Amino acid sequence: MIKNNGGKIMILKENYKLNNGVEIPKLGLGTWEIADNKVADAVKKAVKLGYRHIDTAQGYENENGVGIGIKTCGVERENLFITTKIQADFKTYEEARRSIIDSLKRLELEYIDLMIIHAPQPWTKFREENHYFKENIDVWKALEEFYKMGKIRAIGLSNFEIVDIENILNNCEIKPAVNQILAHISNTPFDIINYCQAHDILVEAYSPVGHGEMLKNNEVKLIADKYGVTIPQLCIKYCLQLDTLPLPKTADPGHMQNNADLDFIISDEDMMLLKNINKIKNYGEFSVFPVYGKI
């Protein structure tokens, strides 16, 4: 049963401020692996609970459904924050430009709040030697164009390493607002997080529960039990206390509620323990995906 969403999910009313002044809700709903014909219902349930930040991507193949959820959720468009991503395989200005137009059409939106490059390399070349520096500059130019037109309120990156971020900072006009990366207990890339935060780039943490792998971690369970919270709650709070923005994915309203019920503080001592838990070895069956298979 869903509890009353009163004072305990205040996190849903809190925002970060991006480097261009745009406010972004501190907790978002991830929609990866939620089918296009089911995601509208997930969006509506999340919004009913108080979520205002929805994260999708061209590669998720569910922008149509997200758009339907936005239109039918009962909350005014201007009170929602919608993120989508340019497909990682699109590495020319023209491909990027067309894909932005296509996302606007699929979502049936006049503007997108945040649009980001899904990865510095195409997925089949992910984390290989070629960083596609020139190509990413070309894609960024398309994002800048639509940003200046008012069709995108903020632009950013995903899965970018420091060298990839530097390429954008050194060659482009508009600074990235975010870098969305895999970040959770037992796999926290502090070098990238520290670099981004030093350059006023917000880090968004996808898979804050390690795509479910943290549920199997006994060390994490012991600390969660100490606070009387679930493992997902501890994992999401950990990301927030690192000043990152967690994006837990779920279509279950009970989990949505639980993920936002974060009325506790992890002590400095326990944060240090969590920061130093042994690095995850693999993500099981999900290791076939590039972002999980090349840790």
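I started with the record: an unreviewed UniProt entry places "domain: NADP-dependent oxidoreductase" at residues 26–278. UniProt positions are in the numbering used here, feature names are shortened, and annotations may be inferred rather than shown by experiment. The model is predicted, so I noted its limits: local features need pLDDT of at least 70, side-chain atom pairs count only at pLDDT 80 or more, and totals for chains, interfaces and linings use all residues. Residues are numbered from 1 along each chain as its sequence is written, and side-chain values use heavy atoms, with hydrogens and water left out.

**Entry 1: the domain and its sheet**

I looked up the make-up of residues 26–278: 43% helix and 15% strand, with the end C-alpha atoms 27 Å apart. Helices (H or I, at least four residues) and strands (E, at least two) are DSSP runs, numbered from the N terminus.

I then traced the sheet. Eight strands form an open sheet in the order β3-β4-β5-β6-β7-β8-β9-β10, and the pairing is parallel. β3 (29–30) and β10 stand at the edges with a single partner strand each, so one side of each has no neighbour in the sheet. Two strands pair if DSSP finds at least two bridges between them.

**Entry 2: β9**

Is β9 buried or exposed? I found strand β9 (residues 202–206) mostly covered, with five of its five residues buried. Buried means under 20% relative accessible area, exposed over 50%, and partly exposed in between (1.4 Å probe, protein chains only). In a regular strand the side chains alternate between the two faces of the sheet. I checked both faces of β9: Leu202, Glu204 and Tyr206 are buried on one side, Val203 and Ala205 on the other.

Next, the partners. β8 (residues 178–182) runs parallel to β9 and is joined to β9 by five bridges. Ile181 has Ala205 in β9 as its bridge partner. Between β8 and β9 the chain passes through helix α6 (residues 190–198), and this β-α-β crossover is right-handed. Right-handed means that, with the strands pointing away from the viewer, the path from the first strand over the helix to the second runs clockwise. β9 also pairs in the parallel sense with β10 (residues 245–247), over three bridges. There, Ala205 has Pro246 as its bridge partner.

**Entry 3: α2 and α3**

Two packed helices are described by the angle between their axes and the distance between the axes. I read off α2 (residues 63–72) and α3 (residues 93–107): the axes come within 7 Å and cross at roughly 45°. Axes are lines fitted to C-alpha atoms, for helices over the stretch in contact, and angles run from 0 to 180 degrees between N-to-C directions. α2 and α3 are therefore oblique to each other. Under 35 degrees counts as roughly parallel, over 145 as roughly antiparallel, 65 to 115 as roughly perpendicular, and the rest as oblique.

Glu63, Asn64, Val66 and Gly67 of α2 meet Ser103, Arg106 and Leu107 of α3. The cover over the buried residues of α2 includes α1 (39–49), β4 (53–55), β5 (81–86) and α3. Contact means heavy atoms within 4.5 Å.

**Entry 4: His118**

UniProt places a "binding site" at His118, from an unreviewed entry. I found His118 in the loop between β6 (112–117) and α4 (133–149). His118 counts as buried because its relative accessibility is 8%. Leaving aside neighbours within four places in sequence, its contacts include Tyr60, Lys85, Trp123 and Asn159. Lys85 has Ile116 in β6 as its bridge partner.
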